[in-house]
There are 2 protein chains.
Amino acid sequence: MLWERAREPHAHRWSLPGGELRVDEDVESSIRRQLAEKVDVRQLSHVEQLAVFSAPDRVPGPRVVATAFLGLVPSDVDPEVPSDTMWHCVDELPAMAFDHASIVGRARHRLGSKLSYTNLGFALAPPEFTISLLRDHYSAALGYRVSATNLQRVLSRRLLLEPTGGTAPPGPSGGRPAALFRFSAKGIKVTDPFAVLRPPGSGRPAGGVATP
Amino acid sequence: MLWERAREPHAHRWSLPGGELRVDEDVESSIRRQLAEKVDVRQLSHVEQLAVFSAPDRVPGPRVVATAFLGLVPSDVDPEVPSDTMWHCVDELPAMAFDHASIVGRARHRLGSKLSYTNLGFALAPPEFTISLLRDHYSAALGYRVSATNLQRVLSRRLLLEPTGGTAPPGPSGGRPAALFRFSAKGIKVTDPFAVLRPPGSGRPAGGVATP
DNA sequence: CCACGTTTTCGACCAATAGGCGAAAACCCC
DNA sequence: GGGGTTTTCGCCTATTGGTCGAAAACGTGG
């Protein structure tokens, strides 16, 4: 989500939403406030620090240090945004202001990486979803095709999928109705990493380098 | 590595090395400068941003925002440090100033996580090392025992170990002399992550959720 | 100098996970 | 009801990680 700068420097170029840190808030509160106040985005399913961008000349004029965040919104919510703000496809980004293009690059890389070893994928989907929808999100974020069969099996083995019992109506071209699932938080927060190196006694025999 | 604060606030408590960001440097240059100037640590095998700590009351007095880093030094180098500075075992840390204890906690967590899906383990070891040494580093960083057999096989399969041909002399209690290895950087930087989700066409059939 | 303990190394075997494929199920439209 | 479409499920294979035990290579003490 980008908004078009009205003033110099870099007028008419697109930039990431953000703003100045107040003295009475931390950086996460700040970015949540900016998103809520300026573009009315409040239903963030995931927020995490990305990195600090601090090159002395990243912005013309006085030095500005930015703490960049990766924020995700479920694909079913479509927040009202002001007229100077627009959602863009990450594959077709316009010219961006300052170093914001590299920030987006870092965010994409981080999202792609974390999809494999965390539960972050669920932050992209609505509370109830079909495997096909989830696969489409994974494919979009990763940039290559993902098999629904495998995705379902892998996530099921990790005890992350819980069938709701309901089904989604098939599309206009027919097809078997898809089963609906929800994210099964068995004591695991959405953003927790899997135990890639299993701690002693946990139930993940394969995957990692450990020998408890 | 901590140094003991001489002045209030939090006098006599231990704190992480650091200092103020100058206007002509970015945060990584800054932390490298601080480490070089103040404690003469220059041979960092790995430096990465950890997180921004920005709670308004994290430091008494005027607001201070800190960008915390994780920095690693190979286990064979032992830099000269000033008299008020000391290396501490992470399992026996003294009372620390400000929020530095939580920073260390985050660093430990990050290191432990990244050991499994990156090559970061090599940043802990000297250029030539035995599997036992590497295992000890892994065990220390992870907090539980790691099998040398497994470690060698896993890293070998990932093409990260390259035998130097030499051997290390056995210890005072005898034993077969250990073979020496070096990190085999086949175009891969020490800190690069493994391809946990393999991009299409790469040679990593198992591990991950993808189906290219 | 030869048995003994020690440490490392290697091979064999097992368990668990991921990927591929095809068939069956359940739906639409004509 | 037949053909096309989409989802789901079950087999099979490949690769990885974990365990175990034996063999190799060393120092030491009798």
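In the predicted model, A:Arg33 is buried, its relative accessibility being 15%. This arginine pairs with A:Glu37 in a salt bridge whose closest N and O atoms lie 3.4 Å apart. Both residues belong to helix H1 (residues 27-39) of chain A, where a spacing of four residues places A:Glu37 and A:Arg33 about one helical turn from each other. In contrast to the buried arginine, A:Glu37 is exposed, with a relative accessible area of 51%. The pair is part of a network of salt bridges that links A:Glu25, A:Arg33 and A:Glu37.

Over all chains, the count of salt bridges comes to 18. Side chains of opposite charge can pair when their charged atoms come close. In chain B, B:Glu48 and B:Arg110 form one such bridge, with 2.7 Å between the closest N and O atoms. This pair connects distant parts of the chain, with B:Glu48 in strand E3 (residues 46-53) of chain B and B:Arg110 in helix H2 (residues 100-117) of chain B, 62 residues apart. B:Glu48 is buried, at a relative accessible area of 9%, while B:Arg110 is partly exposed, at 23% relative accessibility.

Helix H2 of chain B also contains B:Arg108, whose side chain meets that of B:Asp91 in a salt bridge with an N to O distance of 3.3 Å. The partner, B:Asp91, lies in the loop between strand E5 (85-86) and H2 of chain B, and the two residues, 17 apart, again link distant parts of the chain. B:Arg108 counts as partly exposed, with 32% relative accessibility, and B:Asp91 as exposed, with 57%.

The packing of two helices in chain B was examined next. Two packed helices are described by the angle between their axes and the distance between the axes. The axes of helix H3 (residues 131-142) of chain B and helix H4 (residues 148-157) of chain B come within 9 Å and cross at roughly 100°. Angles of 65 to 115 degrees count as roughly perpendicular, and H3(B) and H4(B) are therefore roughly perpendicular to each other. On the H3(B) side the contact involves B:Ile131, B:Leu134, B:Arg135 and B:Tyr138, which meet B:Ala148, B:Leu151, B:Gln152 and B:Leu155 of H4(B). By class, six nonpolar residues, one polar residue and one charged residue make up the contact of H3(B) with H4(B).

Backbone geometry was considered in both chains. Most residues other than glycine have a negative phi, and most peptide bonds are trans. In chain A, the peptide bond joining A:Glu8 and A:Pro9 is cis, with omega about -5°. A:Pro9 is located in the loop between strand E1 (2-4) and strand E2 (14-15) of chain A. The loop between E1 and E2 of chain A also holds A:His10, which has a positive phi of about 60° although it is not a glycine. A:His10 is partly exposed, at 24% relative accessibility. In chain B, a cis peptide bond runs from B:Glu8 to B:Pro9, with omega near 0°, and B:Pro9 is placed in the loop between strand E1 (2-4) and strand E2 (14-15) of chain B.

A positive phi, near 60°, is also found at B:Leu159, a residue other than glycine. B:Leu159 lies in the loop between H4 and strand E7 (161-168) of chain B and is exposed, with 51% relative accessibility. B:Leu159 is one of the residues touched by B:Ser184, together with B:Leu160, B:Leu161 and B:Glu162, when residues up to four places away in sequence are not counted. B:Ser184 itself is found in the segment after strand E8 (178-183) of chain B. With 2% relative accessibility, B:Ser184 counts as buried, whereas B:Leu159 counts as exposed.

A:Cys89 is partly exposed, with a relative accessible area of 39%, and B:Cys89 is partly exposed, with a relative accessible area of 38%.

Notes. Residues numbered from 1 in each chain as written. Chains lettered and ligands numbered in written order. Predicted model: local features only at pLDDT ≥ 70, side-chain atom pairs only at ≥ 80, totals over all residues. Heavy atoms only, no water. Axes fitted to C-alpha atoms, helices over the stretch in contact; angles between N-to-C directions. Parallel < 35°, antiparallel > 145°, perpendicular 65-115°, else oblique. Contact = heavy atoms within 4.5 Å. Nonpolar A, V, L, I, M, F, W, Y, C, P; charged D, E, K, R; others polar. Buried < 20%, exposed > 50% of the residue type's maximum accessible area, 1.4 Å probe, protein only. Salt bridge = Lys/Arg side-chain N within 4 Å of Asp/Glu carboxyl O.
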